[in-house]
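Thanks for coming, everyone. Let me put the model on the screen and walk you through it.

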Number of protein chains: 2
Amino acid sequence: MQLEELKSKFEQFLRQRGHKITRGRFEIIDKIANYGPHFEIEELVRWIANQDRSAASRSTVYRTVRLLQEFGAIREVIKLGNRTIYEFVAGKPHHEHLICVECGKIIEFYKQEIEELQDRVCEEHRFSPINHRLEIFGVCSDCKEKKHESRGMEVRT
Amino acid sequence: MQLEELKSKFEQFLRQRGHKITRGRFEIIDKIANYGPHFEIEELVRWIANQDRSAASRSTVYRTVRLLQEFGAIREVIKLGNRTIYEFVAGKPHHEHLICVECGKIIEFYKQEIEELQDRVCEEHRFSPINHRLEIFGVCSDCKEKKHESRGMEVRT
DNA sequence: GTCTAACTGAATATCATTTGCAATAGGAGG
DNA sequence: CCTCCTATTGCAAATGATATTCAGTTAGAC
C-alpha cells in the first residue's frame, strides 16, 4: 500500500528537520487515512477521541496536521466562513473542488485547460505561482432535486 | 459619482428588509470606498477609529460589512490562514486574484476562458454555481527582483 | 410628538487555533 | 542497556477574528 511509502517518506522528512519519530504522529496519519479524503480538524479530533480514548490530544493533532502540511501530504482546500477543510493528498493528482452549499458535498474535478490558462495569466504578470485554489460554491444535482420536491409540497400545503 | 447610486440602492435594500437608514451605515460605506479596494475588517476598524474618534464601533463595522456582503457590494476574496480579505466590489466586473506571499500585493485578473471552462465543468456535474473564488498564491515580479539582489549580496559577503 | 422596533456600543462569549509550561519519551553516545 | 539532552506531549491558558447580549438610543410610522 502506498500509505506505508508515505509514512516512510514522512519519516525521512522528520529526520531531516531534526524531529523525532513518535508513535502519535504516525497514528494520526493512520486516522486521517481512514477518515476519508476531506476533514476539518475539530471534527477529526472528536472522531479520534471517540475511537480511542488514549489517542493523541487536540494539540498534537493540530501540530501534526501542520507538519503534514509542510511535508505536503495535506492541503487546505476549502475555506468557508471560519471553517477550513483539509484534504489528505497522499500523492493524488492536483484538482479543484465544487462545494454544495446545501448538503456540504464536495466534488473534485480537474481541467487541464484551466491550469494552463492560469499559467499564462501568471506569465503575463511575471508572477511565479506557488499554489492555487479554485472553489466553486453552488448546489449539487441531488439538492436541486430535493428542492423541487419540497417546492412541490409547499404548493400543495 | 456611482458611489451615490450604490448608496441609494443600498437604501432600497435596507428598506426592503425592514432595516433602518442610519448615519453609521452610510459613513462606513464612505470609509470603505475611501480605503481602497481590498481590506481586512480589523485593519478597517483601526483606520476608521484613527481618523474619527466618534465613528462607528467595531461591532457596527462588523455588522455593516455583513449587510454589505448580503447586499453584494462586498465580497470575501482571499482567505489565507486566519485572515479574510474583503473587496469593495461596487459594480466592478468579476475577476480573480494573484496574491504575493512575500509582500502581500494583490493583482486582479480576468480570463473569460477560465470562466467558461468552469461553467462547462459545472454542467458536466449538473452543479449550479452560485459563486466562485480562484486564488493564486506566489511571488510577484518586484519581490523576485528583490530576492535576486539579496542573494547577490549574500554571495559577496 | 409618541411609540415601538431596529440600532448602537461596550462588554462578553464563542470558535478555531496557538502557545507556555511541566512532565515524558525518542534516540545518540557511551 | 543506561544516561542525557532535546524534542514532544497534554493540558490549560492565551490569542485573534468574529458574534452576541443587553441596556440605552434613535429612526421613522402613525
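**Chain A and the DNA surface**

Along its sequence, chain A runs α-α-β-α-α-β-β-β-β-α-β-α. That gives 6 helices and 6 strands. Both are DSSP runs, numbered from the N terminus: helices are H or I with at least four residues, strands are E with at least two.

Ground rules next. This is a predicted model: local features need pLDDT of at least 70, side-chain atom pairs count only at pLDDT 80 or more, and totals for chains, interfaces and linings use all residues. Residues are numbered from 1 along each chain as its sequence is written, with chains lettered from A and ligands numbered from 1 in the order in which they are written.

Now the domains. An automatic or database assignment sets the bounds. For chain A, it gives domain 1 (1-92) and domain 2 (93-157). Their C-alpha centres are 25 Å apart. Domain 1 of chain A puts 4 residues into the contact, and domain 2 of chain A puts in 6. Contact here means C-beta atoms, placed from the backbone, within 7 Å.

What is the radius of gyration of chain A? Taken over C-alpha atoms, the value is 19 Å, while a compact globule of 157 residues would have one near 15 Å. That globule rule is 2.2 Å times the number of residues to the power 0.38.

Helix H3 (41-51) of chain A and helix H2 (23-35) of chain B are among the elements giving two or more residues.

Note on methods:
Contact = placed C-beta atoms within 7 Å.
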